[in-house]
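Please look over the sequence and the model before reading on.

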Amino acid sequence: MSSPWIFAARRLVLAVPLLLGMSILVFGLMRLVPGDPAVVVLGYKATPEGVRALREAFHLDEPVPQQYLRWLAGVLRGDFGLDFRQNEPIGRMILERLPVTLELTLLATLCTALIGIPLGLVGGARRHGFADRATLAIGLVGVSIPDFWLGIMLMLGLSLGAGLLPSGGFVPLGEAPLDNLRHLVLPALTLALSRAAVLGRLSRAAVLDVVQRGFVQFARAKGLAERDILFRHVLPNAAIPIVTVLGLQIGYMLGGAIVVEMIFTLPGVGRLTLDAVLERNYPVVQSTVLVIGAMFMLVNLATDILYGLIDPRVRRR
Amino acid sequence: MRRRRLPLAGLGIVVTLAVLTVLAPLLPLGSPTDIAKDLALRGPTVAEPFGMDDLGRSILSRVVYAYRISLGVAVTSAVLAVLIGVPLGLVAGYCEGLADQLIMRPLDVLMAFPAVLLAIALMSVFGTGAVLLSVALAIVYTPVMARVARAAVLATKVEVYVDGARALGATMPRLVLNHIAPNAATPMLVQTSVLMAIGILIEAALSFLGVGVRPPTPSLGLMLADGRGFMLQAPWMVVFPGLAVMLAVLGFNMLADGLRDWLDPQAPAGR
């Protein structure tokens, strides 16, 4: 009944309370930190005057709801406040590091698709064959490999051992595109391999589902070559679930990026989050967790809407 | 028959690891904590197949003891999530309407974050340690278990036998516990197994990052973090703890896969 645009609009409207809830959770969580954040920051250097000055500077003396509204109003304007340590604007810190994380995620998504989809096609096209069993086995082992360990192993083998690729660090895309790519290959592969295993498994299931349909049997009865059947009839019909899973995988990569950026010393948002957690720099933690969480949610939302636009059956739910 | 091999192998791995961790003190292993400087960074031998770490501690022994933390955190967090999430999901699904909204909307907020990120954020507030890590993971998993339970209730409560029981005068708790909840058992069992696999991965990842278990405790993630500094001289320091994580996760994943095929004959085969 509902048009695709009404469906999309409704999903978008529903995202607003969710984002608000996320901001409340993140803000509230950081207020649960035991002790006075001002004392935590100043550490052993804390004097009553210093603590009072810091509390005033960061509006820690206001009632909590008021602090939240002040913070939220700032966030909506793109102003995340200043961090506790260097007094730098957090918004700028995030903006500087965001391109690294986005490039890593994009490259990893590409790798995931290029490895996962062919794996699923090969496996699904010949059920119970050797390739099929291999796909299943790779899928099972792939989801069980810790990605940080995979990263260490790739680094050990390909960069420290064979000396093929750099083991860490980052060069901006604008300065030296080729060098930038060389630095991102291992991190992207690390992030991609376990997701490609999941995508391969689900692509295989999607292909298997389509292969059993009547129109595929008809195409076969008509005498079409197996390859034409696969690419013209099976793949387009299996594409919807495959694209959906890929979309969800992009979201998960944003979480995985934290670990990968740490191993390969990439200056991304994930690394910023982790450093802030270890330094107890709560205003930064609060902002980066909200930004990564919001991106994760929006990617999932976009996937959901896309799915609804392609497949009218989803809209009725 | 072939379909039963996978879950059995998974169960075999899980049970073997569980028995190993329980019997660890009785096994002929070196101490996981005793420092022997003269043995530092010694490679794998027949007596010590996993080699020694930078302080001369037996890696095999440390892996076995680290499994205690891995499995302990995974089991505790999954059980806690079941205890909190399932009742919430059952009530939300049975009552629908306002109660459903009040329970599920806040849980949606928790699910809107990537699991690793939420776990890190929670640990940044909680501090470090195995118990706190279990609680953090339980919070991350609760919405998952609540959703599974709620979906099962929504699917089951329209069945005729539930109407029948209600017509006979069954009270709400009785309806839910005796007639509805048993039908939710299959998806919950599968989900619990999946969550334990993820739990082992996240425990290792967070400890590796320095926001999980505290250093004196042998943990697979901490061992990997230590080993990174000696990667070139002593690759066994990073190879074996990683393989150990993978084996445990593989066991739970195989178990979950097998349970899914086994208990739900309508599911697409071989997924």
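What volume does the largest cavity have? The largest cavity has a volume of about 50 Å³. The model is predicted, with local features needing pLDDT of at least 70 and side-chain atom pairs pLDDT 80 or more, while totals for chains, interfaces and linings use all residues. Residues are numbered from 1 along each chain as its sequence is written, chains are lettered from A in the order in which they are written, and side-chain values use heavy atoms, without hydrogens and water.

**Cavities**

A cavity is a set of points, on a 1 Å grid over the protein atoms alone, where a 1.4 Å probe fits but cannot get out; its lining residues have an atom within 4 Å of a point. The volume is the space filled by probe spheres set on the points. The structure holds two cavities of 30 Å³ or more.

The largest cavity is lined by residues of chain B, including B:Asp53, B:Arg57, B:Met223 and B:Pro241. Two or more lining residues come from each of α2, α8 (220–228) and α9 (236–263) of chain B. Helices here are DSSP runs (H or I, at least four residues), numbered from the N terminus.

Around the second largest cavity lie residues of chain A, among them A:Ile240, A:Thr244, A:Leu306 and A:Tyr307. Helices α10 (226–263) and α12 (282–310) of chain A each supply at least two residues of this lining, and α12(A) gives the largest share, four residues.

**A helix pair in chain B**

Two packed helices are described by the angle between their axes and the distance between the axes. In chain B, helix α2 (residues 59–95) packs against helix α5 (residues 130–156) at about 35 degrees, with the axes 5 Å apart. Axes are lines fitted to C-alpha atoms over the stretch in contact, and angles run from 0 to 180 degrees between N-to-C directions. The contact of α2(B) with α5(B) involves 22 nonpolar residues, seven polar and one charged.

**The two chains together**

Contact, meaning heavy atoms within 4.5 Å, joins 42 residues of chain B with 45 residues of chain A. The area buried between chain B and chain A is about 3800 Å², and carbon and sulfur atoms give 81% of it. Buried area is the accessible area (1.4 Å probe) lost when two parts are put together, summed over both.

Definitions and conventions
Ala, Val, Leu, Ile, Met, Phe, Trp, Tyr, Cys and Pro count as nonpolar, Asp, Glu, Lys and Arg as charged, and the others, Gly among them, as polar. On a 1 Å grid over the protein atoms alone, a cavity is a set of points where a 1.4 Å probe fits but cannot get out, and a pocket is an open set with protein on both sides within 12 Å along at least five of seven lines; lining residues have an atom within 4 Å of a point.
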